[in-house]
Amino acid sequence: MEMLTRPVSGCITIIIAAFTLLVANGAQAERFELGASADEADAVIGCLYPMTGRSATYGRDSIVGIQIALDDLVAETKAGLTPPKLRVIADDPRSKASYAVRLAQDFVAKDNARFFCGIVSSGVAHAVSDLARQEKIIMVGTDHASSRLSIEAGHDYYFRVTNDSWTSMAAGARYLRDLQKETGWKRLAFVGPDYDYGHVSWTDLQLALDGLGVEYETVSALWPKLYEPDYSIYINALQSAKPDVVVTALWGGDFIAFIKQASTTRFFETTRLANFDTGANYDVMMALGDQPYPGLILSARHHNNWPETGRNKRFVAQFHDLTGRYPTYAAEGAYTGVIAIARAIEKAGDADDDRALIKALEGLQLALPEDPPGFASYIDPDTHQIVQAQAVGTVVHNEDFPPSKLMVGNWAIYDAEDLKPSKEMVKRRRDAVAGGSEAVPPPTP
Amino acid sequence: MSGFHWSRNQRLSLVGRYTLLSVGVVVCALVALSFFYQRFSNELIDRLTGERLSAQVAATSNKLSAFLDARIYQLVTLSNHPALPAFIEAPNSPQAEEALTLLRVEADSPDLYGVLFFDWNDNLDRLVAGQAASGPPYWSKTGWDIRGLPRVEHEGIEFIGPQLPENGNSGWLLMRQHIRDTGFGQNTSVALHVRLSSLTELLVSAGVAGVIEPLLRTPGGIVLDPTGRPAEVTGELIEGPSILPGWNIVMSVHPGTILQPIDQTRFWLYVTATLIIVVILAIFFALSRSLRRRVDTLVQGAHSIASGDLYYRLPEGRRRDEISTVAKAFNTMAWQLKDLIDRTVRAEKLAVLGQFATGVAHEVRNPLATMKTTVQALTRKEQDVERKVLLDDMGHQIDRLSRVVNDLLAYGRPGEAAPQNTEIRDLFRQSARVLEPIAKDANVRFYTSGDSGLKLYIDPDQVLQVLLNLGINAIQACKAGGTVGLRAEQNEAWVEIRVTDDGAGIPKQHLLDVVQPFFTMKSKGTGLGLTISQQLVEANHGKIHIESAPQEGTTITLKFPATKAGTAQEEDPEDVQEDQITDRRR
């Protein structure tokens, strides 16, 4: 695709063209090229986002988030600042590690990518993270959340700038602790997708609950596969286990499908359903229609209606101006990824010096739309995981973001520092796998 | 009371029979319903566990076998791939790169966690993680050991496992085969790390929710549910087809799941039916008591009438039911019976009195005439004033006796009515001619009013006599300044003539007596005027009705049939009855 010299208008053209293609042929993956031309660019970022299937919304919104970040950088240039010129290439790994690795290799070989970004699925992100380490390409992850990527499998070249499963589950554990004081719940069940993210989320939740001294009984742990078409046997199994609270790590279309199937049973009459990592996403709010099922406890990595800061309102408005709709959290994640890379290059002063870039990213502070007043996110130098606050709430009627008639409200806010994994826990987890998976003969020869 | 005992002593009253009939119907319906219910539940179980289930189990077995066949095909393709030995022996060769690409694509299947390679001693040599990989051996070798897992052989493939889900990890099984020997002498095997739930999820189509749960028995004897977790087998297990040696489908049948609600429903059906019977019995018992009480009242009324208490009336109540209708009919009957008896008694009384009066009159009238003539002669010749006065008084008394005798004769021999069309104005005019002077003398105002053009079908002389009798009575009842009026009105097929006065009125207790012969409230009356008037009115097919209140006045209403030109007069049944009475009297 020929690059356009006027980045903003050109990229909008590309987005519209790409959306048209997506609408015309939803199963056809499409490559996006945004920002500066190859000749002008200070750095090339290769991003991988799903553009098809149940999680296509994440890819589409991420592209818009990237565009907003690029627009902001152009605006800074016009204002007399000197942010780096970035070229962003995005493609669809179709939620497969093999696809993703191949596309990432091509980003490096053919597009001279200096950074990887994105990747919604943790399973896919693991494979790309391994590649990043081998190829010495800095990977700035957004939206995949398995805490293993930053703790057990963390390495110098891997960074993540959206909340991970630990952060979400640490916030969720606090919410459940407080809920237990109100309701006295005891029986806990978990249902998560049968891949890295689901299992790590469950481990993180248990560790967080144990760390808080919450007493509970695990009555069931179920693992439907990613993109499971029928959750009925899992819903039946959950109902048979009679849990007080079900925590789920199902996300995107899977979570929506689960809710829709569960709503046809008496599930919500007897059980609270909590999704602390992705459940409050805007596409879920739309899918709920006007049915605020009782017992839903939700959070996400970014909310359109929290925090009510000028930065967040501006971001949501920018997204709405570009697309005519409201963003899912993926947009802010992708926005953060591009901004983080830009700020790191600025700070390092050289887009080709890996060590300087890594050093710049470690501890990098970013004022982001999701930051509550008085706090700025920062990247933890040890885990390379961004440290952020999180808000958990329940579903309330709110038609400020149509067509959704519901949004999350009744917020419980948890400070970023409280949600950060302790150094002891990080060390313990890393030590536990020493001689483990990473010691297995390398998966790639 | 005998009537009360009569109803209570019924061994099986009507109400009791209806009660038994209703209970019998409910019981029969219940028995029939129970029969069909039992039959339905038996058929339901037969169908659920019968032929249809067998077909479903066979289809499910095919699905599981097809799943395994696809994995077998996948594994055989990998194990025989020409580039695979190079992947083991020469990792950096182009063939190894080619094999790795293939392995990554195969490992990304949603039903696999990855592709594993083992050395000759079952030690994990290397692996290719798929998108769904998690837990051991991808995260850690800790706890990874396949040596203790069950193993079966099928079509040259070694099936190892299942490894059950535990500690937050998913369950799996390995399908392993040695890679093709290309002369390098390697002794390496390749295995698909298969997601156990992908196999067990296929079981779900064979089940019947809550009743028949399809399960998968594995070589270790452990039975898995559709989510791939060990199942707690509580019901009967029906063996199904085998999909691998040692792996077979079993059906856990819980007939209680469906029978229990059926039994519960049946139990509540019986309870409800019993309650209905109890309620029916209670309702019928209450109805029976109420009905008996009301029937007893009827019987009591009948006995009272039979005992001669013709004034006994049954309470009719506000209900409009059968008993109320019977009570009304009973009261009507009592009224009619009393009326009939009254009429009969009066007719017989009149007949006797008439005969007596006629006899007396005949015997008295002639001597009176002689006495009158004699007194008149004596009076004419008498010069002494005092004696003349005494003779005049005697003459007046003889006249009075003559009037009484005439009344007696009129009463005893009422003349036949000769009805003809008569205008009311003629009647009123003639009446006024007589009554006006009398009223004037008594200082009483007299008037006639109403529709003077009305016509009646009556004997004008008799009705005129009636009007004169009533008019004179009315004038005499009035004080000076009082008012007496005659008014005529049409009322459907009848003409009503009202004789009204504002005189002394008749006490309530005498209202029924004033038509009795020889009853009078006047000092000089014979007590026959009203009786004769009633006779004459009835002789003209009329009716007489007296309303009066003491010190307010009296209204006597006469009803006569109106004239219908060219048509015969329709006869009121009551008139017919009166005619019959009259005939008997005659």
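**Buried, bridged and touching**

User: Why is E33(A) called buried?

Analyst: Its relative accessible area is 6%. Buried means under 20% relative accessible area, exposed means over 50%, and partly exposed is in between (1.4 Å probe, protein chains only). So 6% puts E33(A) in the buried class. By the way, this is a predicted model, where local features need pLDDT of at least 70 and side-chain atom pairs count only at pLDDT 80 or more, while totals for chains, interfaces and linings use all residues; side-chain values use heavy atoms, leaving out hydrogens and water. Residues are numbered from 1 along each chain as its sequence is written, with chains lettered from A and ligands numbered from 1 in the order in which they are written.

User: What makes E33(A) and R31(A) a salt bridge?

Analyst: Their closest N and O atoms are 3.0 Å apart. The rule wants a side-chain nitrogen of Lys or Arg within 4 Å of a carboxyl oxygen of Asp or Glu, so this pair passes. R31(A), at 27%, is partly exposed. Shared partners join R31(A), E33(A), R87(A) and D111(A) into one network.

User: How do you know that R266(A) is exposed?

Analyst: Its relative accessibility is 59%, so it counts as exposed. E269(A), its salt-bridge partner with closest N and O atoms 2.9 Å apart, counts as exposed too, at 57%.

User: What makes chains A and B count as touching?

Analyst: Contact means heavy atoms within 4.5 Å, and 35 residues from chain B and 38 residues from chain A take part. The area buried between them is about 2800 Å²; that's the accessible area (1.4 Å probe) that two parts lose on being put together, summed over both. R104(B), Q131(B) and W139(B) supply 25% of the area that chain B buries against chain A, more than any other three residues.

User: How many salt bridges cross that interface?

Analyst: The rule finds two. D194(A) and R195(B) pair up at 2.7 Å, N to O.

User: What makes a set of residues a nonpolar core?

Analyst: Its members are buried Ala, Val, Leu, Ile, Met, Phe, Trp, Tyr and Cys residues joined through side-chain atoms within 4.5 Å. The largest one here has 140 residues, with L205(A) and F258(A) touching the most other members. A second, separate core of 44 residues includes L353(B) and Y411(B).
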